[in-house]
Amino acid sequence: MSQLDLGDQRAYQQWADAKRAAFDQRQSDDFAPVVDIDGDGNIPPPALQIIAQQIARYNFAIYRLQGKVEDHLASLRNIGRQLGLKEMDKNLCAREDRITRLTVQDQGRANLYIPYTNKAIGWHTDGYYNPMHQRVLAMVLHCEQPAAEGGDNQLLDPDLVYIHLRDENPMYIKALTQPQVMCIPQNIEDGELIRPQTCSAVFLEEDDSALSMRFSKRKHNIIWAEDALTREALDCLFKFLESDTRYIINYRLNAGEGVINNNVLHTRSAFVDDTQHKRVYYRARYYNRINIQ
Ligand SMILES: [Fe+2]
């Protein structure tokens, strides 16, 4: 039995209480420390300990790389290794080294996709369209340079979303763990099949009893199951994401900062670049969860 099992209310309650208490502790501590990492990506043992603690509590941690910003890309892989992150996802627009450079692009394949524009991006977890054997369970989002204006992120731990829904109505969890509840149609570009249709649950239980979430708030290219309970569950979920719940963290990454996380829900606000401040982010996605020894 795990805390996610609907039949084990006691284990669930203990886990949910601990998650909420940890979060409230964080709020009362002002803001969780931004953890300093050496410029080459080496994480000093005390910093690694803080990251491990934050991941266990909130599923994300914010770091700041020392050294020159231009050298940070090379440090990213090194960071992933120390977090126990292994195989990296290769998405359509990733570089050779599987790290994706997110910046406004005016031409080429990338400009078909919202991440490469300056538009806002709604709530989602990364790779919600990936095949099940290539689920994105962790990622590192690194800011080389922020925009002149905007481009803030909101972060929300999926555990807290699960808790909210289950406390509202445990049947919502039943609806959103149906293996076909969310389908992403195939992706065809110029007549070529880039990705087949993928259907999955919203909430999944991973091998270590941890929760993972696949979700996008976007209306296009996503087909939801049409039963009444799913509709109600989604309505509850969407309202929660639009609410002013204290569980949503707003943060604007400064140059050299990044978020290490177990693929938490996140958004990006619209932004404006100027010649001196062109927003450049790097993103590394992984198929396993953070595992710090
Ligand atoms: Fe994302």
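Helix axes are lines fitted to C-alpha atoms over the stretch in contact, and angles between N-to-C directions run from 0 to 180 degrees. This is a predicted model, in which local features need pLDDT of at least 70, side-chain atom pairs count only at pLDDT 80 or more, and totals for chains, interfaces and linings use all residues. Residues are numbered from 1 along each chain as its sequence is written. Helices (H or I, at least four residues) and strands (E, at least two) are DSSP runs, numbered from the N terminus.

The axes of H4 (residues 158-168) and H6 (residues 228-242) come within 10 Å and cross at roughly 130 degrees. H4 is therefore oblique to H6; oblique angles are those left over once under 35 degrees is taken as roughly parallel, over 145 as roughly antiparallel and 65 to 115 as roughly perpendicular. On the H4 side, Val161, His164, Leu165 and Glu168 meet Ala233, Cys236, Leu237 and Phe240 of H6, contact meaning C-beta atoms, placed from the backbone, within 7 Å.

Strand S5 (residues 138-145) is largely enclosed by the rest of the structure, because 7 of its 8 residues are buried (20 or more other C-beta atoms within 10 Å; exposed is 12 or fewer, partly exposed in between).

S5 runs antiparallel to S19 (residues 280-286), joined by 7 bridges, and pairs in the antiparallel sense with S16 (residues 257-261) over 4 bridges; pairing needs at least two DSSP bridges. Histidine 142 stands opposite tyrosine 282 in S19 and opposite glycine 258 in S16.

## Leucine 193

Leucine 193 lies in strand S10 (residues 192-195). Leucine 193 counts as exposed because it has 9 C-beta neighbours inside 10 Å.

Terms used
Two residues are in contact if their C-beta atoms, placed from the backbone, lie within 7 Å.
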